Amino acid sequence: MSAVTSASAPVVAVVGATGAVGVELIRCLEQRRFPLAELRLFASARSAGKSLPFRGKALQVQELTEASFTGVDIALFSAGGSTSRRFAPLAVRAGATVIDNSSAFRMDPKIPLVVPEINPQTIGGRGGIIANPNCCAIISITPLWPVHKVNRIVRLQLATYQAASGAGAAAMEELRESTRAYLDGKSYANKVLPHPYAFNLFSHNTRVDPESGYNEEELKVIQETRKIFGDPDIRVSATCVRVPVLRAHAMAITFECERSITPAQVRELLQGAPGVKLVDDVEKNYFPMPQDATGNEPILVGRIRRDISDPSGRSISLFVAGDQLLKGAALNAVQIAELL
Ligand code: A2P
């Protein structure tokens, strides 16, 4: 049995500690004063020996091996799907609870897919794997849950404006470098993303399924929304686009409820809802922006208005922005760990 079940503070491991999400995991553990006995940092052999700051100390990064999980109670994974598939089962066997940020286990019916504001009850006991949802799924549906709870959303359509961070630290660097090169009039050969990124945008860089015409990111949002809401019948459609923003995603969302709903009712439901902040100043034309969401925990919500294409009065359009590395990844994972 894991030591988390005792009164003592857990030993926590971060796998992928040097990555864009890994660094934020460490920061969230520190900022939220997560009670832990020891923090162990793992990454690939390339990073072994590097050090990262935690609570005023420099912690050494170790190479991830099969023996890394002895004595670990909670392992936060953010090192890609193949690393999770290989090492998460080993961590569980060693007695750890794994919170996995990859897509490897999300749609496994035995594995909970958790947004603490929405479905904390699905966590069940300790031990095993808990999946952290796709960043777009978290950022789009956390603000919709308070509505769905009282007036079921039957249809949801979203268009995303996704930041570089979702593709990792190297993609963020590619955005910085290619922007610099563009402004200096120099050529730049993109290495991480498939298309020029500076002053450009493109359809999400995941593979398009030839049958449905949807890319993998869009399919994740569709399937994960149904699983997290526990509502297999909700109709969802998404268009996912990568935009030249460093680390906060934005989304234009239109949803249709079972019964009629007004913008004022949505505003009231979202006022003070956990994990959400209203930014909806019509007079000043001030609405959610990636720059305001960056580095902040809440998901910003605004432009709340009637969808005038639906005369039934059951549809609302709104706009959200949320930090992809925080609520879209690291913060949500640490909130799950807090529930443990
Ligand atoms: P490293 O920095 O040593 O390559 P990002 O999502 O920002 O690209 O970060 C990915 C994270 O996953 C990094 O910390 C990276 O470590 C880590 N990682 C990648 N491959 C492995 C692996 N095979 N074993 C352990 N960690 C890995």
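Phe255 touches Leu144, Val147, Ile153, Arg155, Leu156, Val266, Arg314, Ser315, Ile316 and Leu318, with residues up to four places away in sequence not counted. Contact here means heavy atoms within 4.5 Å. The model is predicted, so local features need pLDDT of at least 70 and side-chain atom pairs count only at pLDDT 80 or more, whereas totals for chains, interfaces and linings use all residues. Residues are numbered from 1 along each chain as its sequence is written, and side-chain values use heavy atoms, with hydrogens and water left out.

Phe255 lies in strand β12 (residues 248-257). Helices (H or I, at least four residues) and strands (E, at least two) are DSSP runs, numbered from the N terminus. Phe255 counts as buried, at 0% relative accessibility. Buried means under 20% relative accessible area, exposed over 50%, and partly exposed in between (1.4 Å probe, protein chains only). Leu175 is 80 residues from Phe255 along the chain, and 32 Å separate their C-alpha atoms.

The protein chain is divided into domain 1 (11-104) and domain 2 (139-324). These bounds come from an automatic or database domain assignment. The centres of domain 1 and domain 2, taken over C-alpha atoms, are 28 Å apart. In domain 1, 4 residues are in contact with 6 residues of domain 2.

The largest pocket lies between the two domains, because domain 1 and domain 2 both give residues to its lining. A pocket is an open set of points on a 1 Å grid over the protein atoms alone, with protein on both sides within 12 Å along at least five of seven lines; a cavity is a set of points where a 1.4 Å probe fits but cannot get out; lining residues have an atom within 4 Å of a point. Grid points are joined across faces, edges and corners, and a volume is the space filled by probe spheres set on the points. The largest pocket holds about 890 Å³ of space. Its lining comprises 40 residues, with Ser78, Ala79, Gly80, Gly81 and Gly166 nearest the centre. Two or more lining residues come from each of α1 (20-31), α2 (81-93), α6 (216-229) and α9 (326-339). Of the elements, α2 gives the most, with 4 residues. By class, the lining of the largest pocket has 12 nonpolar, 22 polar and 6 charged residues. Ala, Val, Leu, Ile, Met, Phe, Trp, Tyr, Cys and Pro count as nonpolar, Asp, Glu, Lys and Arg as charged, and the others, Gly among them, as polar.

Helix α1 has 12 residues and reaches 17 Å from its first C-alpha to its last, close to the 16 Å expected at 1.5 Å a residue. The expected span of a helix is 1.5 Å times one less than its number of residues. Buried residues of α1 are Ala20, Val21, Gly22, Glu24, Leu25, Ile26, Cys28 and Leu29. Their cover includes β1 (11-15), β2 (38-43), β3 (51-54), β5 (74-77), α5 (169-183) and α9. Arg33, with a positive phi near 50°, follows α1.

Helix α6 has 14 residues and reaches 20 Å from its first C-alpha to its last, close to the 20 Å expected. Its buried residues are Glu217, Glu218, Val221, Ile222, Glu224, Thr225, Ile228 and Phe229. Cover for the buried residues of α6 includes α3 (135-141), α4 (145-150), β8 (153-161) and β10 (235-239).

The count comes to 1 cavity of 30 Å³ or more. About 40 Å³ of space lies in the largest cavity. Its lining consists of Val21, Leu25, Phe77, Ser78, Ile99, Asp100, Asn101, Asn132, Ala329, Ala330 and Ala333. At least two residues of this lining come from each of α1, β6 (97-100) and α9. The most come from α9, with 3 residues. By class, the cavity lining divides into 7 nonpolar, 3 polar and 1 charged.

Positive phi also occurs in loops. Phe199 is not a glycine, yet its phi is positive, about 55°. Phe199 lies in the loop between α5 and β9 (202-203). This residue is exposed, with a relative accessible area of 54%. Asn285, also not a glycine, has a positive phi of about 55°. Asn285 sits in the loop between β13 (276-278) and α8 (290-293). Asn285 counts as exposed, at 60% relative accessibility.
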